[in-house]
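Hello,

Here is the structure I promised to pass on to you. Have a look at it first, and then read my notes below.

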Amino acid sequence: PHDASASRRSYDVDALAEEIVEKLTYSIGKSPARARKYDWLRAVTLTVRDRIIDHWLEAEDARAASGGKQVAYLSMEFLIGRLLRDAINNLNLTTQVAEALKRYNVDLDMIELLEPDAALGNGGLGRLAACFMESMASVGVPGFGYGIRYVHGFFRQEIADGAQVELPENWLLHGNPWEFERRERSYEIGFGGKVTSVVGEPGKPPRQLWRPAERVLAVAYDTPIVGWRGAHVNTLRLWSAQALDPILLDAFNSGDHIGALVESNKAEAITRVLYPADSHQAGQELRLRQEFFFSSASLQDIIRRHLETNESLSNLHDKVSIQLNDTHPAVSVAELMRLLVDVHGMEWDEAWEITRQTFSYTNHTLLPEALEHWPIHLFERLLPRQMQIIYAINAAVIRQAMESKGFDGGRIAAISLIDENNGRRVRMGQLAFVGSHAVNGVSALHTDLMKETVFHALHELYPDRIQNKTNGVTPRRWLMEANPGLTSLLKETIGEGFLDDISKIRDVERFATDAGFRDRFAAVKRENKARLADVISERLAISVDPDALFDIQVKRIHEYKRQFLNIIEAVALYDQIRSQPATNWTPRVKVFAGKAAPSYLQAKEIIHLANDVARVINSDPAVRDLLKVVFIPNYNVSLAEIIMPAADISEQISTAGLEASGTGNMKFALNGALTIGTLDGANVEMRDHIGEENIFIFGLTASEVAQRRREGHSGRSVIEGLPLLRDALHAISSGVFSPDEPNRYNGLVGNLYNNDWWMIAADFQSYWDTQRRADALWADPAEWNRKAILNTARMSWFSSDRSIREYAADIWRTGTDA
Ligand code: 26Y
């Protein structure tokens with residue numbers, strides 16, 4: 001491993017202390033005596049940043065000199081969270097910075113908490129992009145992340161009278177010390193207008209020229225991403241939209257003061273706010289503008305950088321690999337073709353070959369409602385030349401399918417880039433697929449299902465294109481930084497090797513039967529639970545007992561993730577505790593957190609129900625603290641860092657076949673929680689690694705779900721045969737938890753009777769039984785802790801370092817350090 005001392009700036013405490021005050025004085029203009037805590041945060045950030053910059057510039061030089069291949073990771077979302085602790089940890093500076101600050105009576109932990117959470121993403125997909133950026137820098141894959149610099153990230157959630165309220169998020173309010181504006185990296189992005197044919201050289205086809213009606217400027221903001229031990233620094237380049245003319249002076253001078261600003265407002269609207277939906281395509285024009293804006297800017301930047309050191313674009317695919325994070329940047333396929341053919345004069349066939357060799361595409365969902373498709377008329381109006389190119393690609397693909405594989409009728413319709421059934425739409429999944437040399441799913445099960453469902457026909461046409469790349473999470477943020485207690489215990493027990501090579505964490509397996517170690521492991525967990533209990537007490541004024549079983553479900557709220565199933569189980573348990581007070585119930589705290597898309601009404605009802613149920617159960621003296629239900633508002637990366645280490649049970653209970661992978665499941669298990677889950681997404685592979693005796697699996701499998709749906713399953717007969725479930729549902733729908741509006745949950749409950757699309761009724765008994773098995777295990781702490789330790793010991797494969805090495809070897813064909 002590289003050593004951070006290669007840096008020009010000193011790492012010793014005296015130097016750090018001196019420099020922090022220097023920043024305070026000359027960059028912020030405050031004396032230590034007058035500095036407020038935010039000033040200290042800024043001063044520390046700038047001091048740490050300098051140490052990253054040294055490595056950053058070295059990495060840039062090395063990269064330019066080597067002329068090696070780079071990765072461009074294109075993603076609409078980067079859910080990075082706070083950066084200071086991550087940077088300090090990866091530079092191995094934690095003790096020194098804390099020590100330096102102590103000289104001024106400033107507490108590093110307190111300062112770190114002041115940093116705003118960069119929430120430029122919705123959930124799993126955005127957080128995965130952030131873990132991947134960190135892992136690329138840690139394993140030595142030279143790469144750029146390309147995305148959007150949203151002024152407002154994911155909304156802040158408050159709960160008022162039990163219901164979700166969305167408030168604007170403002171992470172840039174106090175400025176962002178991590179970013180560098182790069183005015184020289186600006187590109188024009190067009191929208192609308194016309195395409196004209198220009199007669200070319202003799203013997204050559206006419207060239208198409210796009211004359212956009214509107215143009216905006218994309219300006220780059222760079223954030224350095226430092227890897228473990230400072231070995232590498234990569235760049236996260238986020239684009240901000242600006243008007244070419246900040247003000248229309250003619251309009252202003254003639255008295256139209258508002259009109260003078262219309263264009264700049266319209267331009268800047270593109271990067272103003274993150275769309276908060278992760279499961280339903282809204283189909284709005286602004287979203288398509290965002291997608292094209294950052295795709296085109298990134299491609300123009302990639303081309304410009306390429307031409308700085310290469311003579312032509314004919315070797316582009318040897319020098320850069322572009323990963324499309326879902327279909328959000330899929331318009332890039334058409335835009336790269338336009339740039340190569342129209343702007344740089346390349347022949348179509350060569351351009352197509354280079355395009356396909358350059359792109360690869362990751363699919364993150366099979367849910368039909370989340371697949372992107374754009375109405376032709378909208379696409380054509382906004383991106384007329386790209387639409388022509390898509391038609392041309394489509395014609396070529398269809399011709400090839402007919403000639404080489406004899407496709408006709410249904411299979412042509414299935415592979416077509418144009419959906420003819422729903423008012424003619426461009427299918428972004430098909431575009432990304434045909435424009436890529438590799439297409440991947442994010443868990444083994446998900447990849448298999450991709451081949452069988454959405455991409456069945458395309459898989460038949462291109463049988464070698466789909467491959468699996470199971471997700472992972474970075475152990476730096478999700479173990480070392482989130483769980484310093486466990487990290488110290490591991491260091492003392494198995495040495496420090498696992499910090500550089502997480503697979504060595506397996507060495508702790510042999511301590512699972514060591515009673516002394518088990519007690520220390522349990523003590524760390526208890527401390528982490530006490531920390532979460534403090535947060536719950538501060539934010540909600542609810543007291544929970546750190547010795548109770550902490551049963552936690554945190555993730556976006558969605559019907560398929562089945563928070564409803566979990567809540568019904570809580571209600572049934574409540575019912576049982578009341579009716580059988582003499583039973584030896586396991587004290588449990590059920591914790592929920594997560595945001596609903598603002599327009600997703602059922603998801604919002606589920607949040608409301610969780611809060612209603614919590615209020616009633618927590619205030620019922622008959623429960624005697626045997627059950628508490630807590631909904632913690634405003635789930636984000638920083639809250640997750642507190643929650644993951646504090647769980648005894650991790651709820652991963654999606655309807656089988658619908659959760660592409662999950663990554664929260666990995667964070668929990670790495671921190672020693674036992675999973676209760678379905679055979680869905682990466683849970684399947686987690687079971688294989690952890691051992692089926694150390695994970696609680698329940699419920700229908702993906703193929704059983706598909707079968708039930710084919711048979712027209714409905715919940716009614718199931719519910720009527722299960723009094724426990726029936727009574728719980730009756731309580732919910734009769735207003736026990738919503739006396740102010742007794743019918744509030746009629747719709748939610750009615751859906752289970754009439755349809756049960758998400759198999760909540762179908763899986764209830766199995767879920768209930770499995771929870772009671774967990775209760776029984778809890779009664780044997782030695783055994784529980786043994787299994788928890790085995791979870792931590794056996795999760796290393798789910799490191800994003802492993803995922804990135806697989807991408808690098810099989811898709812990008814770039815090197816890594818190790
Ligand atoms: C098109 C728009 C509505 C949209 C926006 C965001 C559609 C989807 C998304 C985000 C999807 C997402 O976060 N998917 C999750 O990706 C994770 C990383 O691969 C998976 O672990 C997780 O199972 C999947 O739901």
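**Notes on the model**

The protein is divided into two domains: domain 1 (67–82 + 117–371 + 439–444 + 464–471) and domain 2 (475–782), with bounds that come from an automatic or database domain assignment. Please keep in mind that this is a predicted model, in which local features need pLDDT of at least 70 and side-chain atom pairs count only at pLDDT 80 or more, while totals for chains, interfaces and linings use all residues. Residues are numbered from 1 along each chain as its sequence is written.

**Overall**

The protein has 34 helices and 24 strands; helices (H or I, at least four residues) and strands (E, at least two) are DSSP runs, numbered from the N terminus. A compact globule of 818 residues would have a radius of gyration near 28 Å, and the 27 Å of this protein agrees with that. That radius is taken over C-alpha atoms, and the globule rule is 2.2 Å times the number of residues to the power 0.38. Along the principal axes, the C-alpha atoms fill a box of roughly 95 × 70 × 60 Å.

The centres of domain 1 and domain 2, taken over C-alpha atoms, are separated by 36 Å. Across the boundary, 35 residues of domain 1 are in contact with 30 residues of domain 2, where contact means that the C-beta atoms, placed from the backbone, lie within 7 Å. On the side of domain 1 that touches domain 2, β2 (78–81), α6 (124–139), β5 (156–160) and β6 (163–167) each supply at least two residues. The residues of that side divide into twelve nonpolar, 15 polar and eight charged. For these classes, Ala, Val, Leu, Ile, Met, Phe, Trp, Tyr, Cys and Pro count as nonpolar, Asp, Glu, Lys and Arg as charged, and the others, Gly among them, as polar.

Where does the ligand lie? Both domain 1 and domain 2 give residues to the shell around the ligand, so it lies between them. Of the 21 residues around the ligand, G124, L125, D278, A660 and S661 come nearest; a residue is near if its C-beta atom, placed from the backbone, lies within 6 Å. By class, the shell has six nonpolar, twelve polar and three charged residues.

**The nine-stranded sheet**

Nine strands form an open sheet with mixed pairing, in the order β7-β10-β11-β4-β1-β12-β13-β17-β18; two strands pair if DSSP finds at least two bridges between them. The edge strands, β7 (180–191) and β18 (466–468), each pair on one side only. From one strand to the next, the twist averages 25°.

Helix α2 (residues 37–66) lies across β10 (214–226) and β11 (233–243), at about 110° to β10. Axes are lines fitted to C-alpha atoms, for helices over the stretch in contact, and angles run from 0 to 180 degrees between N-to-C directions.

Helix α17 (residues 444–452) lies across β17 and β18, running at about 165° to β18.

**The six-stranded sheet**

Six strands form an open, parallel sheet in the order β21-β20-β19-β22-β23-β24. β21 (627–631) and β24 (696–697) stand at the edges with a single partner strand each, so one side of each is left without a neighbour in the sheet. Within this sheet, four bridges join β22 (residues 649–652) to the parallel β23 (residues 674–677), and I649 has L674 in β23 as its bridge partner.

Best wishes

Methods. Contact = placed C-beta atoms within 7 Å.
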